[in-house]
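Welcome! Please take a moment to look over the protein shown here before reading the notes on it.

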Amino acid sequence: MTEIEISLRDSAWSTALPDASSVARRAAVAALEAAGDMPDSVELGVVLADDSFVRTLNRTYRGQDRATDVLSFPIHEKPCHAQPQAEQPLMLGDVVLARETVERDSASAGVGLADRVSHLVVHGVFHLLGHDHDKPVAERRMRALESRTLLALGLCDPYVNL
């Protein structure tokens, strides 16, 4: 059973995107399905926060004193090798979104807020699963996974014009 806990840390999400929780949940499920070969029982969290909260996390854990659109906090360095205890779910970690930054990025890219949230949740879940974009080959692989997942959700490929 997949369990996705959505935490609303910034009530302004309710105005900006009233169905933000369901959009985030749908995107997280799609990313897990795209990953394939997952245990039957998986848990992760998505935190819908504001810039201030994300800036604090970014400063504390990454040494960067600024807000960013999404942060991922994996529990395991290599989750594909982590085996849950008998009858215990595989805990992946948390994906945290910063509302104001996501709204700005959405507007500047000319995409709907729901589409941007979906992309960032997919991106964040792939980080929880051990994917990264620190090297060109890894970046291409991760972008391809994201593109396929978003297309499966009926969304546009965010990398098509890059």
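## About the model

This is a predicted model, in which local features need pLDDT of at least 70 and side-chain atom pairs count only at pLDDT 80 or more, while totals for chains, interfaces and linings use all residues. Residues are numbered from 1 along each chain as its sequence is written, and side-chain values use heavy atoms, with hydrogens and water left out.

## The nonpolar cores

Let's start inside. A nonpolar core is a set of buried Ala, Val, Leu, Ile, Met, Phe, Trp, Tyr and Cys residues joined through side-chain atoms within 4.5 Å. Buried means under 20% relative accessible area, exposed means over 50%, and partly exposed is in between (1.4 Å probe, protein chains only). The largest core here holds 36 residues, and L44, V46, L92, L97, V117, V121 and V125 have the most contacts inside it. At least two residues each come from β1 (2–8), α2 (20–35), β2 (42–49), β4 (90–98), α5 (113–128) and α6 (136–152). These labels follow DSSP runs numbered from the N terminus: helices are H or I with at least four residues, and strands are E with at least two.

A second, separate core has seven residues, including V47, V54, L57 and L71. Back in the largest core, V117 is among the residues with the most contacts. Not counting residues up to four places away in sequence, V117 is in contact (heavy atoms within 4.5 Å) with W13, L17, V23, L97 and V102.

## Helix α6

The buried residues of α6 are A138, M142, L145, E146, S147, T149 and L150, and they pack against α2 and α5. Just after α6, G154 has a positive phi of about 85°.

Is T101 buried or exposed? T101, in helix α4 (residues 99–109), counts as buried because its relative accessibility is 8%. Its side chain makes a polar contact of 2.9 Å with that of D51. Such a contact is a pair of N or O atoms within 3.5 Å; within protein, one must be able to donate a hydrogen and the other to accept it, and residues adjacent in sequence count only if both atoms are side-chain atoms.

E103 also lies in α4, but this residue is partly exposed, at 29%. Leaving aside residues up to four places away in sequence, E103 touches A16 and L113.
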